[in-house]
Amino acid sequence: MSKIEIQLCVNGEERVVQTIPGRTLLKVLREDLNLTGTKDGCSQGDCGACLVIMDGKSVNSCLVLAPQADGAEIITVEGLAENGELSNLQQAFAERWGFQCGFCTPGMLISSYALLLSNPDPTEDEIKRALAGNLCRCTGYKPIFDSVQMAAELKTDKNI
Ligand code: FES
Ligand code: FES
């Protein structure tokens with residue numbers, strides 16, 4: 001199959017990728033760009049492990065084809081830390097035990113980041129609704145909701 005070229009801005013860096021049209025953004029990130037923080041849990045839009053921010057909105061990268069992402073600005077979980085320092089959100093997940101095995105965590109962080117971008121002071125119900133598309137087999141969810149609440153309290157203008 002003939003290849004196409006797409007351009008992405010990933011975590012602030014311009015990237016050019018030669019890929020095939022049917023390849024998903026998830027595979028482009030993980031396999032072409034070696035950004036393996038974004039996880040593949042179900043490949044069909046059910047688990048939220050593959051969430052990334054695309055042009056300001058969280059999307060399941062397993063459901064986005066490479067050509068649809070051409071020209072997009074993408075933030076992956078690797079883009080949340082700044083200069084090697086954990087963001088407030090990541091710090092809150094660590095302090096409130098918002099993860100166990102960690103497989104769902106990149107998606108949880110991205111959903112939470114998108115929530116806090118649009119709603120800096122969410123209620124518990126709003127946090128639950130925002131994370132409704134993210135499945136976790138380990139934590140029972142409560143520590144995750146507490147982590148997001150803590151991150152909202154820590155949030156500054158510069159750092160979510
Ligand atoms: S891997 Fe995309 S939603 Fe599960
Ligand atoms: S921490 Fe294991 S799936 Fe959520």
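Q: Among contacts in the protein chain between residues at least 6 apart in sequence, what share joins residues at least 24 apart?
A: Heads-up: this is a predicted model, where local features need pLDDT of at least 70 and side-chain atom pairs pLDDT 80 or more, while totals for chains, interfaces and linings use all residues. Residues count from 1 along each chain as written, chains are lettered from A and ligands numbered from 1 in written order, and side-chain values use heavy atoms, without hydrogens or water. Taking contacts (heavy atoms within 4.5 Å) between residues at least 6 apart in the protein chain, the share joining residues at least 24 apart is 56%.

Q: In what order do the elements of the protein chain run from the N terminus on?
A: The protein chain has five helices and five strands; these are DSSP runs numbered from the N terminus, helices being H or I of at least four residues and strands E of at least two. Read from the N terminus, the elements go β-β-α-β-β-β-α-α-α-α.

Q: Which strands stand at the edges of the sheet?
A: Five strands make an open sheet with mixed pairing, ordered β2-β1-β5-β3-β4; pairing takes at least two DSSP bridges. Two strands have a single partner each, so one side of each lacks a neighbour in the sheet: β2 (13-19) and β4 (57-60).

Q: What angle does the direction of helix α3 make with that of β3?
A: Start with helix α1 (residues 25-32), which lies across β1, β2, β3 (51-54) and β5 and runs at about 105° to β2. Angles here run from 0 to 180 degrees between N-to-C directions, with axes fitted to C-alpha atoms, for helices over the stretch in contact. Helix α3 (residues 105-118) packs on the sheet too, touching β3, β4 and β5, and its direction makes an angle with that of β3 of about 35°.

Q: Is Phe 145 of the aromatic pair buried or exposed?
A: The structure holds one aromatic pair (ring centres within 6.5 Å; planes under 30 degrees apart are stacked, over 60 edge-to-face, the rest tilted). Tyr 141 and Phe 145 form the pair, stacked at 6.2 Å centre to centre with 20° between the planes. Tyr 141 is partly exposed at 25% relative accessible area, on a scale where under 20% is buried, over 50% exposed and in between partly exposed (1.4 Å probe, protein chains only). At 12% relative accessible area, Phe 145 is buried.

Notes: Phe/Tyr/Trp six-rings, centres within 6.5 Å; stacked < 30°, edge-to-face > 60°.
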